[in-house]
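Please go through these notes with the model open.

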Amino acid sequence: MQELDQVFVNAKGWLLSLFPIGLRPWVSIAVSVGVIAAIAPFIMMYLTWLERKIIARMQNRFGPTRVGVYGLLQPISDGIKMLIKEDIVPRGADPLLHILAPILSLAPAILLFAVMPFGRNMIAADLNVGLLYLFAISSISSYSIFMGGWASRSKFSILGAMRGVAQIISYEVPGVLSVVAVIMITGTLSMVGIVEAQADQWFVFTPWGIVGCLMFFLSGVAEVNRTPFDMPEAESELVGGFHTEYSGMKFALWYMAEFLESFAICAFTTTLFLGGWQGPAVPFWVLGLLLAVIVATGTKLPAPIRSVGAAAMLGAAVLWRTQVIPSWAWFLAKTYALVFVLVWLRGTFPRLRVDQLMGLAWKFFLPLGLVNIVAAGIWWSLRETPWFGWIASAVVLALSAWALVLANKPEPLQPRTYIYAD
Amino acid sequence: MIGIGVLRGMGVTFKTFLETYPWGRGLLRALRIPTTNGLVTVEYPDVKQQHHERFRYFPFLVYDQTPDNLRCVACKICEQECPPACIHIIGPAKDEQGRPAKAHGRTYPVEFDIDISVCMSCRICVDVCPFDAIEMDNQYELSGFDRFGQMVFNKDKLLKPNDYFQRIKPTEAATVDARLAAKKK
Ligand code: SF4
Ligand code: SF4
């Protein structure tokens, strides 16, 4: 099964072998960049399609169905529509900044793909400071948002941009803190190193891992301004926020940046906490077999479901045992599962208020992130007695989360007394 | 517990998501969760919604048997009462001496235009007509590329037989017919 796993790596190797030795490093860079530049718009287009489909289904609708089978050509027609739309720059706006802002927001989103480990040996640049690179690059987006808001010369835009900057800067702190635990345990900043450290246990199955995973994911959602944290572009309050004054392809670039960043958030959550391209190496196949037995003997279920379910579980167990699933398939499956969760969140929750949003970052995530580092330390120092360490860090986290919730509880509203009405 | 409400909310949306797929409904049924057909969308151009009998859109003129036997006598009450003033009537028709021309014992309009892009479907014209000559139609696929050529309906386009009225709105047509029959006696 090695071939299927390494099929892309081998393809690149074959391509490189066509070139003279001296050129190979450059060709290698060109191929990686080319592949990323080619798949990024593709990923974005079909993320919009996925999002529209899933949201529609959650709202009892069909979503796009007209263009192509299941609306599969809808993103392409949208793209063409965006390209032929008139590009309007508001009077009084700064034309240079106005066009620079969406480009500046898209560039870091694509740059993030450079350290995304899509599979075993499938990473464009295995930087030894990959994690630092991730945070450095992703925080550029606050500049571009403010630039866009400022350059549009519109009140809605500038309000949205200010909210956006405040939010992005606030959520960067818990985002980084949640990853500190991972760095502590793995002792590396390299993405590949972190994935390899999860070979026998995904970090999400540890107490500090699940907390860190949730914190990283939610901070990420807030950083890329997606519902329920979409304050900067709150339609009902700010028309479109920082991109109110954008139209045509510039608007599409904003959206492209946003979607690519949400994809990146899902991909990096997968990398850091969900084992990256590792299949669940823990004896999950045992669990599969167990589930197969349970499903097959469950008398409450009708017979066809029982047999199909048992067969599926058995199949899953065999697949896991023999590890036929290539590493990139694992990575993409986990990432798209998280994309589904992202859309699911959007389909479920209303937008938060600004003060709730900031409160969540500063009053809950920040202290919990600090406690999480301590919990990870406890877990690590007690690793000789695994269960004890597990329980101890879980208790620490649960207690502090509970205390934080209690401390942040808003005052219950008192019945109002109207002085002049009586 | 903290967060239970959040999870419950997500459960609701996920259930709705599953309910829109046949396999999802099957899964929910297998888990003994009551389901509904989640997809309530009527895919309009392919599937048409069955409208209620009293659904109304734009007015039309009723005639009995032949188009020249129209009920409208060109009294212009509807023209005056129409709130957006979208009815234009020329008439009643006159003969060479300037006396009112009659067809089937009634005066009749020379021109009767309704600008349906202005009409707001209020049904006031129907209510004020003393002769039950104008009624509400239920056709709604009337879009066109030409504002005045296609959106201003003239007499030819507005005239429809009483049979048609009886077909689209049986109840209302029956009361109108009964009223007209009582008048004749
Ligand atoms: S339905 Fe109302 S708006 Fe339309 S023609 Fe009759 S009176 Fe005028
Ligand atoms: S439709 Fe009725 S109200 Fe209008 S002009 Fe004819 S008879 Fe008079």
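1. A salt bridge here is a side-chain nitrogen of Lys or Arg within 4 Å of a carboxyl oxygen of Asp or Glu. Between chain A and chain B the count is one. A:Arg66 and B:Asp46 form a salt bridge through their side chains, at 2.9 Å, N to O.

2. On conventions: this is a predicted model, where local features need pLDDT of at least 70, side-chain atom pairs count only at pLDDT 80 or more, and totals for chains, interfaces and linings use all residues. Residues are numbered from 1 along each chain as its sequence is written, chains are lettered from A in the order in which they are written, and side-chain values use heavy atoms, without hydrogens and water.

3. Chain A gives 19 residues to the contact and chain B gives 20 residues (contact: heavy atoms within 4.5 Å). About 1,800 Å² is buried between chain A and chain B, 68% of it from carbon and sulfur atoms. Buried area is the accessible area (1.4 Å probe) that two parts lose on being put together, summed over both. A:Arg57, A:Asn60 and A:Phe62 supply 35% of what chain A buries against chain B, more than any other three residues.

4. Over all chains, the structure holds 14 salt bridges. In one, B:Asp177 pairs with B:Arg71, with the closest N and O atoms 3.9 Å apart. This pair links distant parts of the chain, 106 residues apart: B:Asp177 sits in helix 7 (residues 170-184) of chain B, B:Arg71 in the loop between strand 1 (59-63) and helix 3 (77-81) of chain B. Helices (H or I, at least four residues) and strands (E, at least two) are DSSP runs, numbered from the N terminus.
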